[in-house]
Amino acid sequence: MSRNTIARINLAAIYQNLARVRSLAPGSALACVVKADAYGHGLSRIYSALEEADILAVATTGEAVMCREQGWTGRLLLLEGPANVSEFDQILALDGEMVVHHETQLQLLRQRNRELKGPLWLKIDTGMHRLGFPVADAREVHAELEKLRGSEHSVLMTHFACADDMTNPMTQKQIKQFDTATSGLRGPASLANSAGILNFRDSQRDFVRPGIMLYGISPCQQKNASDIGLKPAMTLQCELIAINNVKAGESIGYGAAFTCPADMKVGIGAIGYGDGYPRHARNGTPVLVNGKRASLVGHVSMDMINIDLSEHPEARVGNTVTLWGEGLPIEEVSPWADSIPYQLICGVTARVRAVVE
Ligand SMILES: *Cc1c(COP(=O)(O)O)cnc(C)c1O
């Protein structure tokens, strides 16, 4: 049998999470974000659970192609818009909608506007300073887009930098900036990512753009996914392939990074950074062995991890180890690797077998 290092993908969870997002933002259409291969879950695997999306949103033209290949005939949004003429033409061919965030894209539009269908998404930089026209230029750009597009009003859009922290005043400032910049301008609005949906209800406008929530992960530092009514869509698991009795004073793994303070039972799990499990996960990082808490010791290697089984006399080779997901929220694991859930789920490699449930 093949190595039992698997990512269990729960389609019902994604389906329910989408319904939950809809109930949290009842007045908004959902632009469901499936960039980075549906946050590492595999777009082709989870596509069927997103049928109720109003729009699918991606970062790249390659991802847009994948959506069409899955059979998505609905609205398709490219969150970064085209970077050059060939991407512009590709988006047209895919019948996609593009974000316009920069002067170079306006130049493309001026040349090729005639072929466009569907609305543009005018992105305004309200303080994140990544993509978007400065607030001061918003009216002028909007006027030009109105001229180019006629009756098809652009969607007015911005993105939050700090909405994951409900106590951070920056988000309210960004909302205010947006409202000032767009007051009196025609067109629907879209501000909120997952964290905005959850923490700042007044940012729920015509369209919301949920990503991480769909995959059952809390977008908010102060709230657990289960309290919000979200269920993890990915559970990452491996098996114990060895159990060793290691004497006090002996060390474990590369760099001899952990020395046993006492005689210890140490399990070896068949997963490592070659599978996308983070190399930086420290001593003490939680895992589940047969559903019961245990913790990592020593460095993560390419194919294996070491687990302190002192409290697990019953553990046997072949037992299941859960790295994150059901029973062990990834939000709890990621800080141990100085990371965030987004990075961990996007990082699971092709070597991990996906089991769709
Ligand atoms: C990725 C992305 C989102 C989704 O963010 P989440 O935090 O995953 O909800 C929304 N809007 C834009 C512009 C994005 O790039």
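**Cavities**

I started with the second largest cavity, which has a volume of about 40 Å³. This is a predicted model, so I kept to its limits: local features need pLDDT of at least 70, side-chain atom pairs count only at pLDDT 80 or more, and totals for chains, interfaces and linings use all residues. Residues are numbered from 1 along each chain as its sequence is written, and side-chain values use heavy atoms, with hydrogens and water left out.

For my own record, the search runs on a 1 Å grid over the protein atoms alone: a cavity is a set of points where a 1.4 Å probe fits but cannot get out, a pocket is an open set with protein on both sides within 12 Å along at least five of seven lines, and lining residues have an atom within 4 Å of a point. Grid points are joined across faces, edges and corners, and a volume is the space filled by probe spheres set on the points.

Back to that cavity: I listed its lining as Lys123, Ile124, Asp125, Thr126, Met128, Arg130, Leu131, Thr158, His159 and Gln174. Strand β6 (residues 121-125) gives the most to this lining, with 3 residues. Helices (H or I, at least four residues) and strands (E, at least two) are DSSP runs, numbered from the N terminus. By class I get 3 nonpolar, 4 polar and 3 charged residues. In that scheme Ala, Val, Leu, Ile, Met, Phe, Trp, Tyr, Cys and Pro are nonpolar, Asp, Glu, Lys and Arg are charged, and the others, Gly among them, are polar.

How many cavities of 30 Å³ or more does the structure hold? There are 2.

Next, the open sites. The largest pocket comes out at about 1,000 Å³. It is lined by 46 residues, and the closest to its centre are Asp164, Ile212, Ser218, Pro219 and Tyr342. Elements giving two or more residues to this lining are α2 (35-39), α9 (194-199), α10 (225-228), α11 (330-333) and α12 (341-346). I count the classes as 25 nonpolar, 13 polar and 8 charged.

The second largest pocket has a volume of about 160 Å³. Of its 14 lining residues, Asp37, Gly40, Arg45, Val348 and Thr349 are closest to the centre. The lining splits into 8 nonpolar, 4 polar and 2 charged.

**Thr349**

I followed up Thr349 from that list. Thr349 sits in the loop between α12 and β19 (353-356). Buried or exposed, or in between? Thr349 counts as partly exposed because its relative accessibility is 27%; the cut-offs are under 20% for buried and over 50% for exposed, with partly exposed in between (1.4 Å probe, protein chains only). Leaving out residues up to four places away in sequence, Thr349 touches Gly274, Asp275 and Gly276, where contact means heavy atoms within 4.5 Å.

**Ser28**

Where is Ser28? I find it in the loop between α1 (11-24) and β2 (29-33). Ser28 counts as buried because its relative accessibility is 7%. A polar atom of the Ser28 side chain lies 2.6 Å from the backbone oxygen of Arg205. A polar contact here is a pair of N or O atoms within 3.5 Å; within protein, one must be able to donate a hydrogen and the other to accept it, and residues adjacent in sequence count only if both atoms are side-chain atoms. Beyond its neighbours within four places in sequence, Ser28 is in contact with Arg22, Gln204, Arg205, Asp206, Phe207 and Val208.

**Helix α5**

Last stop, α5 (residues 85-93). Its buried residues are Phe88, Ile91 and Leu92. An α-helix has 3.6 residues a turn, so residues three or four places apart point the same way. The buried residues of α5 pack against α4 (61-69), β4 (75-78), β5 (97-100) and α6 (103-112). On the other side of α5, Ser86 and Ala93 are exposed. Asn84 caps the N-terminal end, with a side-chain oxygen 3.2 Å from the backbone nitrogen of Ser86.
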